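Please read it alongside the sequence and the coordinates.

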Amino acid sequence: MALYTFEKNKEMFVRATKVIPSGISGNKNPAFAVPGSFPYFAERGDGCRYWDVDGNEYIDFLCGYGPIVLGYGYRAIDEAADRQRRLGSAFNHPTPRSVELAEKLVSLVNGADWAAFGRNGSDVTSYAIQTAREHTQKRKIIMARGAYHGSHAWCTPGHGGLIEEDQQQILQFTWNRADELEALLVKFEGDVAGVILTPYHHPAFGDSELPAKGFWPEVRRLCDKFGVVLICDDVRAGFRLDLAGSSAYFGFEPDLTTFCKAIANGYSISAIVGREAFKNAASNVFFTGTYYTAAAEIAAALACLDELERVQAIPHMMRMGTLLQEGLAERARKHGLQVRVSGPPPLPSMTFANERDYRRMQLFSGECARRGVLLHPHHNWFISYAHKEADIEQALAVTDEVFGLVKAQFGG
Amino acid sequence: MLSVADQEEALESQRAVIRARAEKALVLANLNLHAVLPRLEELVKLDAHARELADALDLSVRFAVRGGPFVTLAIGHGTVKTSFDRSARYDVGLLFSTCDKLNAMFAGAPVTPLPFKGFLKLGRMKLFTELSNLLTRYLKPSDADMQSPEFRVKHLEMLLMTGLAGTADIARFDRKLRKVASHLPVGTMLVKVLPDGPSAHVVIREGADIAATNGPVDAPTTTLEMHGVDVAIGLLSKKIDSFAALGAGTVRASGLLPLADEYNALLDRVGYYLS
């Protein structure tokens, strides 16, 4: 096949740089992938595929960085959103859809007695730590080193525009090291409001790490012992592992849980749920935004959660993810390459075992993209319900060829 | 009339401003002595007149700020050697009472340091002044100089090494960037100007211990390639948006990108102080 080129992508990017800082901001800037061998601008999507502005078609294993859980252009969700949009969306008030979605989440999610909605993951992770601070009247927040909880000042991995105080109350420990967490809780006893953790560790530029046996029970015990709020940041993994939330999948009981990504198949909405004991504290935090109650997105979320349940999307994503993970490992082995495949199957991740500088991964990812398979070099991937066996097989055939290129260039 | 509480708040704000100014002066003094002045080493290799001056000077000079940074330059035989070792020998010692005074001199203000050693050799410092003026010419070139392609390459080489060398001081002394530096992955980063421009590299060890060296390095952890002298100058002097350049392909980063990203924050900060 003819390899893809990205001329229109690049032209559009040059146009963008004239009127948008960095051309594309944040993690979607090409600098974080493989500039020159990766699409920059999307044009349209359908199912598990999308097309860039050059007309290149991709089997998409990034799914918009997570939200596309059922597939691009999934009719039931789009119709639900359109129906509400025709009635109106951004009113002076919430619509009954807000209450219906809160009721839905309360009935569905592990440890949920109430729910509230934002637009993006950062909205609700920030709200969660404010709620923890309000509840405990304490200052510090503990998180795992390398974890991503959003782009607000307290947690952004960026550097610009910050002042020292922004992250002064944030403490970090090594994922899976409950002993380190305990040491922080002892050292700062009486000053810690909350512990915020993703259900498993999925850092960029690193392998995904599942919770070690006993880790979550120990975290829960420590939070109870020190009177600290346990926040599960399920923004990335939520509704891909268990409809009751990833805490149900891993078997622990958080106090607050945040969702975004997969909740509405690409419509902009995030949610926080919590236990009854934290409802008053949540009420005391002034949590609002122009579009926090926009009804079309809320209608999309309602439809999405129903549809995920109806079509049994999670077991399907588990099967497809497993097919991909096993297929990658097998093909890498065939070429004499060592890879580490990690993460739960619906959020697979892969790195080359004998490198820390990602050069093999960047070649692999760029060459896959030039052959129509989008696998990010530094970020975990996502499976959607729209990925079928034929898509996985087609993608694996491409990876087979590209593993050969990696072998030829790096020798192992 | 401000209330007592308001007055205290205003005072605290003023104290913060004064602290920030003092910190900025300290970082800048370190940069001037550790990143700017040592560029005389490259200057005498790039410029024949500078070499002649260094040959004629035959002098070692220590510049020091009271209670602050210092550097010793051994100049002679057409070369300049920099030492940050307190026990290094020197013929002439010049003391600046404050970081501000030193920084003012580097900014071109008429500042007279206090000579504390080598009074009889002070006369030769005229040649040093001439040499340092040449350094300024290369680091802060005129539009006329920048018309020359050869000069632009030399300017770039000096700019590159000043920036890379400066990151070590940012990692040590800049309150804001110290935290970023503490997360800096250990490794080597090669900065290369294509197709055949200058290159330099930094070695980053545990504890954000950074050492910059002119020239390439084998098997870098991270590589930053800039296509063309003008792109490189634009990037290093912050006239070009690095993310835009990366997307447009005029700059290419490969390898461990968090190293490039975090290091770039330090490099940016050097520009902030020296601009």
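Does Ala244(A) count as buried or exposed? Ala244(A) has 16% relative accessibility, so it counts as buried; buried means under 20% relative accessible area, exposed over 50%, and partly exposed in between, with a 1.4 Å probe and protein chains only.

This is a predicted model, in which local features need pLDDT of at least 70 and side-chain atom pairs count only at pLDDT 80 or more, while totals for chains, interfaces and linings use all residues. Residues are numbered from 1 along each chain as its sequence is written, chains are lettered from A and ligands numbered from 1 in the order in which they are written, and side-chain values use heavy atoms, with hydrogens and water left out.

Ala244(A) sits in the loop between strand 8 (229–233) and helix 7 (246–250) of chain A. Helices (H or I, at least four residues) and strands (E, at least two) are DSSP runs, numbered from the N terminus. In sequence Ala244(A) and Asn110(A) are 134 residues apart, yet their C-alpha atoms are 5.1 Å apart in space.

His155(B) belongs to helix 6 of chain B.

| Residue | Contacts |
|---|---|
| Ala244(A) | Leu108(A), Val109(A), Asn110(A) |
| His155(B) | Tyr138(B), Leu139(B), Pro141(B), Met146(B), Ile233(B) |
| Phe239(A) | Val69(A), Leu105(A), Leu108(A), Val109(A), Phe259(A), Ala262(A), Ile263(A), Leu305(A), Leu308(A), Ile314(A), Met317(A) |

Phe239(A) is also one of the residues that touch the most other members of the largest nonpolar core, which has 217 residues. Such a core is a set of buried Ala, Val, Leu, Ile, Met, Phe, Trp, Tyr and Cys residues joined through side-chain atoms within 4.5 Å. Helix 6 (residues 149–173) of chain B supplies the largest share of this core, eleven residues.

Chain A as a whole has twelve helices and 13 strands. Its radius of gyration is 21 Å, close to the 22 Å that the globule rule gives for 412 residues, so chain A is as compact as a globular protein of that length. The radius is taken over C-alpha atoms, and the rule is 2.2 Å times the number of residues to the power 0.38. The C-alpha trace of chain A spans about 60 × 55 × 45 Å along its principal axes. Of the 412 residues of chain A, 61% count as buried. Among contacts in chain A between residues at least 6 apart in sequence, 75% join residues at least 24 apart.

Note on methods
Contact means heavy atoms within 4.5 Å. Lists of a residue's contacts leave out its neighbours within four places in sequence.
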